[in-house]
Every structure is written in structure tokens, then in C-alpha cells.
Amino acid sequence: MKVISITPRGFCYGVVDAVEAVKRIASDPKTPRPIYILGQLVHNRHMVERLAQYGVISLENSANRLDLLDQIDHGTVVFTAHGVSPRVKERARAKGLTCFDTTCPDVEKTHVLIRRLVAEGYDVLYVGRKGHPEPEGAIGEAPGQVHLVQDVDDLDRLALAQTDRLAVTTQTTLSRWDTESLIARIVERFPNAEVHTEICQATQLRQEAAVRQSAEADVVFVVGDTHSSNSNRLVDVVRDQAKRKVYLIDGVKDIRPDMLVGASTVAVTAGSSTPSDITREVIRFLAAYP
Ligand code: SF4
């Protein structure tokens, strides 16, 4: 089987920095134990299992960071690359926990933008995915003044106290194609809205490469976790923009023979939270496939 290994793919700098920070914290005997991560450090099961080997506990049985924090009464807490709200930071400090913040600088940039806009009297429409930790943290900068909009239905339902000062911003891991159409609808309804697209460069480069480099492939595999926003958006852009048949797989074990019937060329990419050895294993398996 001919395999196109799409590049860039896999770990972004925000994930690399967060993982390295947790390994450093866990290797330091002075770090108060136990060490908890508030949610999954990155949305990938393999990474969560690997971090557990460092003695780090990932709390992930609730989507709400404040609820997760209630489960901790001593030790260390790590905030994930997705960012957290100011309330979460305040409560962690009030509990006397040692805090480490691995928020990606690109996410922090959106928080800074929201704080500035809100201070200037704007209401902010935040285009993002419900139930994902990144919108939870960003909206937590000013609940009541930042409004989550996932789709046109949310936009239609939106009732705002004022529309003179409106701004739009986005989750970092969305697809620019989906986001553009929703933002166009927002601007149609609120022509004076100020638009700040915050999709990060790592996400954009991976999506554009996936669309361009999968053009010759009969089938495309995105290696990533079903909970990973950027992995799911890679699937969307390959299906909707490149018009290719595409599967989201966790690893080699998810590849079924029926996925490859009639295929002579496949392309492989990976979400920014997928460890590279998992993706390399998929590439090796497909290259050896008859
Ligand atoms: S996907 Fe973008 S925003 Fe998210 S951690 Fe990576 S670089 Fe940062």
C-alpha cells in the first residue's frame, strides 16, 4: 500500500510544553503529593496512561473544572493546556493547593483578549464547542458577558441586552472553514460585530496540510482520540474540503480490512494530542498492507 505521511501532523508546541512540564513536576521530589491534573492534560487516552506511570492522577469524571477541584483537598494541581477560568485558579489557591498552569500561550492570548474586550464594555460571542474545557475556561473570564455559540441554532436563540459593542472570538482548535460560515451568519445578524479569529497556527497548518496532501489518497486516517477537538476537525476538513473518505482511529487496532477495500493509496495524519509513536505504528502497518 502506498502511504502519504501528511506533515505537519501530531503534537503541537502547546502539548509538548504541557507534557514536559508535567514530567518535570512529577520528577521533582519537592512537589507536594498527590499530583492531580484537572481533566485530561491532552485529549488522548495513550497520553493519560503514560502520565499515570509518573504517579500523576488525571481527574476526568466531570466536564466542569470547579467540580473536579472539589475532589482535591491537598497536594498539587495542574491546569491543562486548555486553560481554566479565574474562579478555578482562585479556588485552588484558597484550598492551599500548589498550582502549576500549563495553559498554552495561544489559549492565554484569547483570555487576555476577552478580558480587554469585556473591560471596554463589549459582549463577546465565543464560537466554540459545548462541553469542551477550552470554552469553559474562556467564558469563565466574564460569565454573562461571554456567550458560547456552537451553531446557527445558538445564534438564533441568542438574546443580548446590548448590541452596540459586540465582538466575536473563537476556540483555538476549530476548523477555519466551519468557523468562517458561522461568523458570516453572526456578522449578517450583527453587522457592527468586531471579529477576532483565534484558531491557532498549529491547528491551521495541520488542517491545510491534511486537505492539500490527501488529494491523491483513496482513504485518509486521522489518528486521534474521539474526545480530541482538533482530531475531529481534521476529519471534518478532509471529508468536507478534500472530499476524501476518512476515518478517525485510536491506533492500528481500529483499522478494519473493509476500510481499505479498493484502496491503493492512503494518507495518514494525527491530532495535535496524539503521540508520534502511535501514528508511526499506523504508517508502518499500512505500508506493509498488501
Ligand atoms: S492546538 Fe494550538 S492552542 Fe491548543 S495546545 Fe496546541 S498550539 Fe496551543
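Which residues point one way from strand 6, and which the other way? I looked this up before anything else. Asp123, Leu125 and Val127 point one way, Val124 and Tyr126 the other way, and all are buried. Buried means that 20 or more other C-beta atoms lie within 10 Å of the residue's own; exposed means 12 or fewer, and partly exposed is in between, with C-beta atoms placed from the backbone.

**Ground rules**

I am working with a predicted model: local features need pLDDT of at least 70, side-chain atom pairs count only at pLDDT 80 or more, and totals for chains, interfaces and linings use all residues. Residues are numbered from 1 along each chain as its sequence is written. Helices (H or I, at least four residues) and strands (E, at least two) are DSSP runs, numbered from the N terminus.

**Strand 6 and its partners**

I stayed with strand 6, residues 123–127. The strand is mostly covered, with five of its five residues buried. Next I checked its pairing, which requires that DSSP finds at least two bridges between two strands. Strand 6 runs parallel to strand 8 (residues 166–170), and five bridges join them. In that pairing I found Val124 opposite Ala167 of strand 8. Strand 7 (residues 146–149) also pairs with strand 6, in the parallel sense, over four bridges. There, Tyr126 stands opposite Leu148.

I then followed the chain from strand 6 to strand 7. With helix 6 (residues 133–139), these two strands make a right-handed β-α-β unit. Right-handed means that, with the strands pointing away from the viewer, the path from the first strand over the helix to the second runs clockwise.

I noted an open sheet with the strand order 3-2-4-5 and parallel pairing. Its edges are strand 3 (56–59) and strand 5 (98–101), each pairing on one side only. On average, neighbouring strands here are turned by 25 degrees against each other, direction ignored. For such angles, axes are lines fitted to C-alpha atoms, for helices over the stretch in contact, and angles run from 0 to 180 degrees between N-to-C directions. Within the sheet, strand 2 and strand 4 (residues 76–79) run parallel and share three bridges. Tyr36 stands opposite Val77 of strand 4.

I looked at the loop between helix 1 (13–27) and strand 2 (35–38), where Arg33 lies. Why is Arg33 called partly exposed? Because 13 other C-beta atoms lie within 10 Å of Arg33. The C-alpha atoms of Arg33 and Thr76 are 6.2 Å apart, although 43 residues separate the two along the chain. Pro34 is in the loop between helix 1 and strand 2. The peptide bond joining Arg33 and Pro34 is cis, with omega about -10 degrees.

I kept a general point in mind: most residues other than glycine have a negative phi, and most peptide bonds are trans. The bond from Thr7 to Pro8 is cis, with omega near -5 degrees. Pro8 sits in the loop between strand 1 (2–5) and helix 1. Lys243 is not a glycine, yet has a positive phi of about 60 degrees. I found Lys243 in the loop between helix 10 (229–240) and strand 11 (245–249). Lys243 is exposed because 11 other C-beta atoms lie within 10 Å.
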